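The following exercises concern one protein structure. Please examine the sequence and the model before reading each worked solution.

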Amino acid sequence: MKYSFCNDYSTLAHPNVLNALIKYNDEQNEGYGEDIHTLNARNIIKDRFSCHNSDIYFLNGGTQTNLVLISHALKTYQGVLSCETGHINVHETGAIEGSGHKIITEKGKNGKLYPEDVLSALKKNHGPHMVKIKLVYISNSTEIGTIYSKKELMDLSKVCRDNDLYLFVDGARLSSAIMSKDNDIDPSDFAKYTDAFYIGGTKIGLLNGEALVINNDELKKDFIYQIKNRGALNAKGFLLGIQFEEIFKDDLYFLLGKKENELAYYLFSELEKIGIRPYFPLQTNQVFIILDNKMIEELEKEFIFEVWEDLNLHEKVVRLVCSYSTKKEYIDLLVKKIKNIELCK
C-alpha cells in the first residue's frame, strides 16, 4: 500500500470525534442546527475566539462555505478580490463565477494579498462599466502554507474598511495557521479585523464540516435563508454540532494543528539535511520542495503526493502535506527513499 502525503484529510476522523458520534448515535435531536450539541459548539467557539456578538453556522465543506457566504455578501454587479493562488480561483471549479460573481485577482506575494494589491485592483476596476469589488478573500494558512502576521491582517482590515469592502478569511487550515511557530495572531483577532471567517474542521480531524463566523451585522441578516437556498442547510445539523463540540474539548483542535506542524517541520529539516531544495518558506503543515523528474517517478511507486507545478524541463515543485495522523516512521521512509535515489544517481 502506498503512503499518502497528498493532503490532510485522507483519514476518516479523529478517534475522539468518532467515539462522540457513536456515543450519541441513538440520541434524538432537533434538526437544522437547533439541537443542544450545535448550540453548545457555538458557545464554545464564541468563547475560544472571543466572538460573542457573532453569528455562527456549520456547513459541510470549504467550497460550500465560500460559495454561500460570498454569494450572500455580493450584489449582482459586485465581485470578489483574491490572490491568484486563492482557493476560490484555482480549486473550486468556478463555484463563485457560477453564482454570478467575478473573481478579480492580483498576484500578491507568497500566497498573500497586501493593501497595495487591494488598492491596485480598485484602481483598475472602477466606474459603472466594470465589476465593482466589494469583498476581499484571503486564506490563512494560504494555499502554499504561508500565514498572515497580525500586522498584515490589521493592514488589510484597515484598507478594506477605508474602501467599504468586506474582508473574509478562508480558514480551512486555520488550526495549522494559529499553531504555527511564526504566528502572532490571537484567535480573538479574527472577530476584530474581519467581517467573516471560517474555522476549518474537514482538514483537522472531523468527518466533514466548517464553522462560519459572521461578525458584520450587515451580513447576518437573513443568512439562514441563503444557506437553505444554496442547498446547504443540513437536516441532521447535529452531525456537525457534535463534531465541533468534541474537537474543541481540551483544546484538541489546536493541539492537532500543533502536531501536524511539528511533523512538517521534522520532514522539512530531514530533507534539508540531504540537500533537497525548498520552494516556498515553511510555516505550517505543507512542505514544498524541488525534485527532478526521475526522482518523482521513483517516489510515485511507493508514495502519493501532489506535483504542484513544472519548474523547468527537468524539475517540478512537489507538495508534501502532513496531517495530525501522519506517522513519523513514514516520514523517515520517504526521506530514506529520496536519499537512496540520490546515492544511486
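**Exercise 1.** Which exposed residues does the face of α6 turned away from its buried side carry?

*Solution.* This is a predicted model, in which local features need pLDDT of at least 70, side-chain atom pairs count only at pLDDT 80 or more, and totals for chains, interfaces and linings use all residues. Residues are numbered from 1 along each chain as its sequence is written, and side-chain values use heavy atoms, with hydrogens and water left out.

Step 1. Buried means under 20% relative accessible area, exposed over 50%, and partly exposed in between (1.4 Å probe, protein chains only). In helix α6 (residues 115-124), the buried residues are Pro115, Asp117, Val118, Ala121 and Leu122.

Step 2. Viewed down the axis of α6, these buried residues fall within an arc of 160°, so they line one face of the helix. The arc is that of the directions from the helix axis to the C-beta atoms.

Step 3. On the face turned away from the buried side, α6 carries the exposed residues Glu116 and Lys123.

**Exercise 2.** State what the buried residues of α6 pack against.

*Solution.* Their partners are β3 (78-83), β4, β5 and α7; contact means heavy atoms within 4.5 Å.

**Exercise 3.** Which strands stand at the edges of the sheet?

*Solution.* Step 1. The open sheet has seven strands in the order β2-β8-β7-β6-β5-β3-β4, with mixed pairing. Two strands pair if DSSP finds at least two bridges between them.

Step 2. β2 (55-59) and β4 (103-106) stand at the edges, each with a single partner strand, so one side of each is left without a neighbour in the sheet.

Key: Helices (H or I, at least four residues) and strands (E, at least two) are DSSP runs, numbered from the N terminus.
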